[in-house]
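Thank you all for coming; I would like to walk you through one structure this morning, going slowly enough that you can follow each residue on the screen. Please have the sequence and the model open beside you.

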Amino acid sequence: MPVMIEKKLKTDSANRAYSPWDHAMAQMNAAAKKIGLNESILKKIAYCKRALIVSIPVKMDDGRVEVFEGYRVHHNVVRGPAKGGIRYHPDVNLEEIKALAFWMTMKCAVMNLPYGGAKGGVRVDPKKLSLGELERLTRRYTSEISILIGPDRDIPAPDMYTNAQTMAWIMDTYSMSVGYSAPGVVTGKPLEIGGSYGRFEATGRGVVVTVEEAFKQNGWKLPGATAAIQGFGNAGSVAAKLLSLAGVKVIAVSDSKGGVICPQGLDAERLMAIKAKGGRVSDYDGKNVSVVTNAELLETPCDILVPAAMEEQITSQNASRLKAKLIAEAANGPTTPEADEILWKKNVFILPDILANAGGVTVSYFEWVQDIQSYSWTEDEVNARLGELMRSAFHTVHQTAQQNNVHMRLAAHMVALKRVAQATEIRGIYP
Ligand code: NAD
C-alpha cells in the first residue's frame with residue numbers, strides 16, 4: 001500500500017501553520033536585521049543549495065517489499081564541505097530536514113569549523129524494523145545519496161535513531177562503490193574503523209561545558225543544582241551522566257514513552273543500563289520515584305532544563321510555565337521563536353542548540369581530520385580540544401549578547417550569520 005506523505009505542520013499561538021523551516025528562517029531574519037546584513041547575501045542564505053529526495057525499496061524479512069522516503073539536503077557550503085547527521089524517524093519530512101541543515105550551517109559557523117551545513121533523514125519507524133531490515137535500508141539509502149556524499153563533499157554523522165553501527169554500514173557501502181576504504185565519508189563510526197575517542201560522549205560533554213561556563217558567568221553554583229532532561233539517548237544520557245559527575249542532581253528524565261522524577265536525584269548510570277537492555281526510563285524504580293509525562297517534565301521546578309529529543313517542544317503554549325533558570329538545548333530546534341521572547345522576558349538563560357549541542361559536530365570534525373591524516377588522537381587530547389573550542393565559542397556568543405543586549409540565541413545566530421555572509425561575499429556569486 002502506498003504511504004501517504006504529509007508535511008507535518010504545527011500552529012503558533014495565532015493558529016497559523018508553520019514548519020521548522022519557518023522557525024529557522026525567523027531566527028535568521030532576526031539575526032540579519034540585527035547585523036544589518038546586505039539583502040542580496042541574505043536572499044542567498046535563505047535558500048537551501050540543493051535537496052535530494054530518494055525512494056528506498058527494502059526487502060522485508062517476510063518477503064514483502066516496503067518503500068521508504070529519504071532526504072539529503074545541503075543548506076550552504078560556502079565555508080567548506082557539507083556536514084550533518086542522518087535521522088530515522090516516522091515524522092521526518094523535507095521541511096524539517098531543510099531546517100536541520102540550516103542549523104548545521106549556523107552551528108559549524110558559530111564553532112568556526114570549516115564546514116557547511118547538511119542533514120539527511122528517512123521517514124521510517126526504526127523500532128519496527130529488524131537489524132537486517134535496518135541494514136538493507138541504510139545501505140540502499142547510502143547508495144541513493146552517494147551522488148552527494150564523500151569525504152571532500154558531504155560527511156554524514158549520527159542523529160536521532162542512528163548510531164555508530166549505522167555509520168559503519170554507510171562507510172562500508174560507500175567504500176564498496178568507490179573501490180577502496182573511505183573512513184572520512186562519515187563520522188561517529190566505531191573506533192575499529194576510524195572512529196574517534198570521545199565522539200560518543202561529545203554532544204553531552206559539550207552541553208555540560210557550556211552549562212559550566214553559563215553558571216560561572218551568572219555567578220551561580222553548579223554543585224547541588226538540579227536538572228531535568230527530556231530525551232535519554234546519545235545526547236541526553238551523556239549530559240545526565242556528566243552533569244551528575246559535576247555535582248548536579250538529575251531529578252527528572254524521559255524518553256519517548258514518558259519519564260520519571262525523584263526529588264533526591266536519579267542514578268544516570270543505572271538509567272543508562274536500563275536503556276542499554278532495551279528498557280524505558282520509566283522502568284527505573286526506587287524510593288520517591290514517580291512517573292511524569294514529557295509535558296510535565298518540561299515544567300518541573302529545576303535549575304537546568306535540557307531538551308534532548310525533538311524540535312518544537314518549548315512553545316508559546318508552555319514557555320510561561322517553565323521553572324528552570326537555564327535551558328541547555330541538546331536537541332536541535334526545541335524552542336520556537338515565540339517561546340524565545342517569553343523566556344527572554346522571564347530572564348531565563350538559554351544556551352541555544354547551535355552552541356550547546358555543537359560538541360557533536362566538533363568531535364566529528366576531529367574524527368574527520370584524524371581519518372584524513374590516518375593518525376588518531378588520545379581521548380584526553382580530544383576532550384581538551386573540545387573544551388577549548390566550546391569555551392571559546394561560548395565567550396564569543398556571550399560577549400555578543402552582552403554588547404547588543406540580546407539573548408544568547410540571537411547572539412549565536414548573529415556570530416554565525418556574519419561568518420557565513422563574509423565567506424559568501426569573499427567568494428562572490430557564481431558566475
Ligand atoms: P537518540 O536516538 O540517541 O535518542 C533520542 C532520545 O529521545 C531517546 O531517548 C528517545 O526515546 C527520546 N525521544 C524521542 N521522541 C521523544 C519525545 N517525543 N519526547 C521525549 N523523548 C523522546 O538521539 P540523539 O542523537 O540523542 O538526538 C537527540 C537530539 O539531539 C536531536 O534533536 C538531535 O538532533 C540532537 N543532537 C544530537 C547530536 C548527536 O551527536 N547525536 C548532536 C547534536 C544534536
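**Aromatic residues**

Let me begin with Phe366, which is buried, its relative accessible area being 4%, where buried stands for under 20% relative accessible area, exposed for over 50%, and partly exposed for what lies in between, with a 1.4 Å probe and protein chains only. Before I go further, please keep in mind that this is a predicted model, in which local features need pLDDT of at least 70 and side-chain atom pairs count only at pLDDT 80 or more, while totals for chains, interfaces and linings use all residues. Residues are numbered from 1 along each chain as its sequence is written, and side-chain values use heavy atoms, with hydrogens and water left out.

A search of the whole structure finds seven aromatic pairs, a pair being two rings of Phe, Tyr or Trp (for Trp, its six-membered ring) with centres within 6.5 Å, called stacked if the planes are under 30 degrees apart, edge-to-face if over 60, and tilted for the rest. One of them joins Trp21 and Phe102 in an edge-to-face arrangement, with 6.4 Å from centre to centre and 85° between the planes. This pair links distant parts of the chain, since Trp21 belongs to helix H1 (residues 20–35) and Phe102 to helix H3 (residues 94–110), 81 residues apart; helices here are DSSP runs of H or I with at least four residues, strands are runs of E with at least two, and both are numbered from the N terminus. Trp21 counts as buried because its relative accessibility is 9%, and Phe102 is buried as well, with a relative accessible area of 0%.

Coming back to Phe366, its ring and that of Tyr365 form a tilted pair, 6.1 Å centre to centre and with 45° between the planes. Tyr365, at 21% relative accessibility, counts as partly exposed. Both residues belong to one aromatic cluster, together with Tyr115, Trp368 and Trp377.

**Around the ligand**

Which residues come nearest to the ligand? Of the 23 residues around the ligand, they are Asp159, Tyr161, Thr203, Ala309 and Asn332, where a residue counts as near if one of its heavy atoms lies within 4 Å. By class, this shell has nine nonpolar, nine polar and five charged residues, with Ala, Val, Leu, Ile, Met, Phe, Trp, Tyr, Cys and Pro taken as nonpolar, Asp, Glu, Lys and Arg as charged, and the others, Gly among them, as polar. Helix H6 (199–218) and helix H7 (234–245) each supply at least two residues of the shell.

As for polar contacts (pairs of N or O atoms within 3.5 Å; within protein, one must be able to donate a hydrogen and the other to accept it, and residues adjacent in sequence count only if both atoms are side-chain atoms), a ligand oxygen is 2.6 Å from an N or O atom in the side chain of Asp159. An oxygen atom of the ligand is also 3.1 Å from a side-chain N or O atom of Arg87, and one is 3.2 Å from a polar backbone atom of Gly233. Taken alone, the ligand exposes 820 Å², of which the protein buries 89%.

**Buried positions and backbone details**

His75, in strand S4 (residues 65–76), is buried with a relative accessible area of 1%, and a polar atom of its side chain lies 2.8 Å from the backbone oxygen of Ile45. Ile56 sits in strand S3 (residues 50–59) and counts as buried at 0% relative accessibility.

Finally, most residues other than glycine have a negative phi, and most peptide bonds are trans. Glu312, however, has a positive phi, near 55°; it is placed in the loop between strand S12 (304–307) and strand S13 (326–328) and counts as buried at 7% relative accessibility. Asn288 has phi near 65° and is partly exposed, with a relative accessible area of 45%. The peptide bond from Tyr430 to Pro431 is cis, with omega near 5°, and Pro431 is found in the segment after helix H14 (408–427).

Note on methods: Areas by Shrake-Rupley, 256 points an atom, 1.4 Å probe, with all protein chains shown as cover.
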